[in-house]
Amino acid sequence: MKLMFEKFLLDKDDFERLYSQNVKNAATRYIASLLLGIVSTFWISFFLTDMDTSSSGVVAAMTLMSALALVTLGLLIFSVKTYFSKSLLKKMQSEAQNNSEWNVIFIVSSTWRTRNHGGLKQFLVEFNKAWQCDFLPHLPLDKNKTYEEQIGASELYIASLLNVPITSVQLNFICERTNVKFHIHDGKEKVIKYSFVNVIIVDQSSYTLKQMRKHFESKKSRRYWRTIEKLHEDINTVTNNFDVLKYIDELRGQIRDFSSEERFEVSNLKIIWNITKKCGYTCNICATHDDKREELSLEAKKAVLLSILVKRANINEIDFSGGDPLCCAENKAIIDIAQDFLGEDKVTITTTAKGIANLSAEEKEKYLINCELTFDIPPMAEGKENLRGSLEYYETNKEFIELDRDKIQDLQVNVPILDTGIVEPEIRDFIERIKKMAPSRITLIRLMPVGKTKFEKYPKNYNPAKIIQLFQDSFDDIYLNCALRVKYNTNEVCTMLREKIGIDCAGNVFACGWAGYICEDVDIGNNPFYLGNLIHQSFDEILNTDKARRISKGCDNTRGDCPIFSYLASGDMFNNSDPLVIKHQN
Ligand SMILES: C[S@@+](CC[C@H](N)C(=O)[O-])C[C@H]1O[C@@H](n2cnc3c(N)ncnc32)[C@H](O)[C@@H]1O
Ligand code: SF4
Ligand code: SF4
């Protein structure tokens, strides 16, 4: 558990330790005075027993005794009050606030393979006068603001320190650590929060690796390269900042070299983030169903978003999906940050009428700017259900649009082709209804063999050709989801990782959003589309793994086949064994 002081977090354990220490000190002082009061009263009375009670000395002693008794009583009341005092707690809170610091620590690292440096990981450090030792570049942050609000200032600081344009700097947030430290110089115990960020120079044209190395190797430079081992050898560094050295040791696996040379860069990426499992329906076909997956807390979701946003220059769109992102109120905080950083036009929400029903009128205005809603082609025959197992999903979405179409600014309609046996009049009737909704885009989706839809039970004779044709005849632009598109235009290749990527509710990243759910019974790490987890690795690191490069390269040969179907049919995602044969009917 953590206590919140404004926006600054302090570990409860640390706080309780400081609090009880303070209370104990105060109580000990009062109890000592109390005992002194009692002892001295007895002591005086001991001398009085043999004296003449009318003498002036006795009167004075009695007066002194009464005064001592009164003071003792007062102290007794005060020590009891202190023990239960709320005001002391408040004082402690404000003291903790005053005696706390928050610093962003910039990790600029590189592995020099030169004769002098022998391939060791080097860290950029600077000489700190107060501590008389080397330390990593750092910047104090404002405790009353969030980290997100201060990214710009951090980028500016490190860019000017490195003498590169701010647009060349990318800060990969790694983690936060909090520690209570005794400050030798201030003579005080302080709570220190560190936010560790890994600095990447994305545009090497402005500042080459060679120049950077040379610059910080020059004798005149205030900043230079050191290994962590070297920093451990310096007694002043260890005395002042042993905790930071220890954290960096722990984080080593997540630290990347600052150089972007030979990096695998994506651009115009669409991120499909199935941010929640929560949903108002229980569809039999649900593509993202997996009970075992553990959904992240709000704080962890924020950390995931920050990691993603580091690559914001490469992101074309984030689509919040699920489950239903609007069925879980705290997701709104995540969507807010995404909208602030990327702009509203780059954030889409794939939701349902039940999710939308949770929104107030103002929230509808904010969250229904770009909205994807789904409409199944309903079978008209009485009593006949679709593969989803219920018509409720279609009915509630339809009713919402009939009443509240104006609430959605940009409506994108998804039409999953679940049942390809639906007859022409039913399809034509459905198309007329879709026209009335005035969507900006219609996407036909192939039934995917993931989640609850098992490949083994995939409908035989699945052939969406007729339905696609009728839609194409009725609309100028019809989009086909990629698994259909590659089949229709066999020159097209799968664009996973180049144009899109998927994240699940636990922060796992997959080369394709659908592929995250191909094998419920298998460990996620064994899913061939799995790339990493954003709680343990940065987004940039995940995109740069050998596996990601291999998958992206493999896609070049997928003409006409969806790797998910290929994998499920043959165990190899790239051997083009997608079994779908689209039979065009006239
Ligand atoms: C995974 S859902 C999540 C968003 C939302 N809960 C919904 O269902 O509308 C995204 C889209 O995939 C559709 N879908 C679900 N399971 C599917 C499957 N097995 N094959 C094809 N589309 C599916 C949904 O109807 C929706 O259009
Ligand atoms: S398909 Fe969508 S609406 Fe249906 S259960 Fe899955 S997440 Fe919910
Ligand atoms: S694997 Fe299939 S569904 Fe995923 S991006 Fe490629 S073509 Fe599309």
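**Reading a predicted model, feature by feature**

Me: What is the span of helix α8, and what is expected?

Reply: The expected span of a helix is 1.5 Å times one less than its number of residues. Helix α8 (residues 298–309) has 12 residues and reaches 16 Å from its first C-alpha to its last, close to the 16 Å expected at 1.5 Å a residue. Helices (H or I, at least four residues) and strands (E, at least two) are DSSP runs, numbered from the N terminus. This is a predicted model, in which local features need pLDDT of at least 70 and side-chain atom pairs count only at pLDDT 80 or more, while totals for chains, interfaces and linings use all residues. Residues are numbered from 1 along each chain as its sequence is written, and chains are lettered from A and ligands numbered from 1 in the order in which they are written.

Me: Which residues of α8 are buried?

Reply: A residue is buried if 20 or more other C-beta atoms lie within 10 Å of its own, exposed if 12 or fewer, and partly exposed in between, with C-beta atoms placed from the backbone. In α8, the buried residues are K301, A303, V304, L305, L306, S307, I308 and L309. Across the protein, buried residues make up 33% of the 586 residues.

Me: Which strands pair with β18?

Reply: Two strands pair if DSSP finds at least two bridges between them. Strand β11 (residues 269–274) pairs with β18 in the parallel sense over 4 bridges, and W273 has I503 as its bridge partner. With strand β19 (residues 508–510), β18 pairs in the antiparallel sense over 2 bridges; here I503 stands opposite V509. β18 and β19 form a hairpin with 4 residues between them, and G507 in the turn has a positive phi of about 85°.

Me: Are the faces of strand β18 covered or open, and by which residues is this shown?

Reply: Both faces of β18 (residues 500–503) are covered: K500 and G502 are buried on one side, I501 and I503 on the other.

Me: What is there to notice about phi and peptide bonds?

Reply: Most residues other than glycine have a negative phi, and most peptide bonds are trans. N163, which is not a glycine, has a positive phi of about 65°. N163 is in the loop between α4 (151–162) and β8 (169–183) and is exposed, with 11 other C-beta atoms within 10 Å. A cis peptide bond, with omega about 25°, joins G322 and G323. G323 lies in the loop between β12 (315–321) and α9 (331–342).
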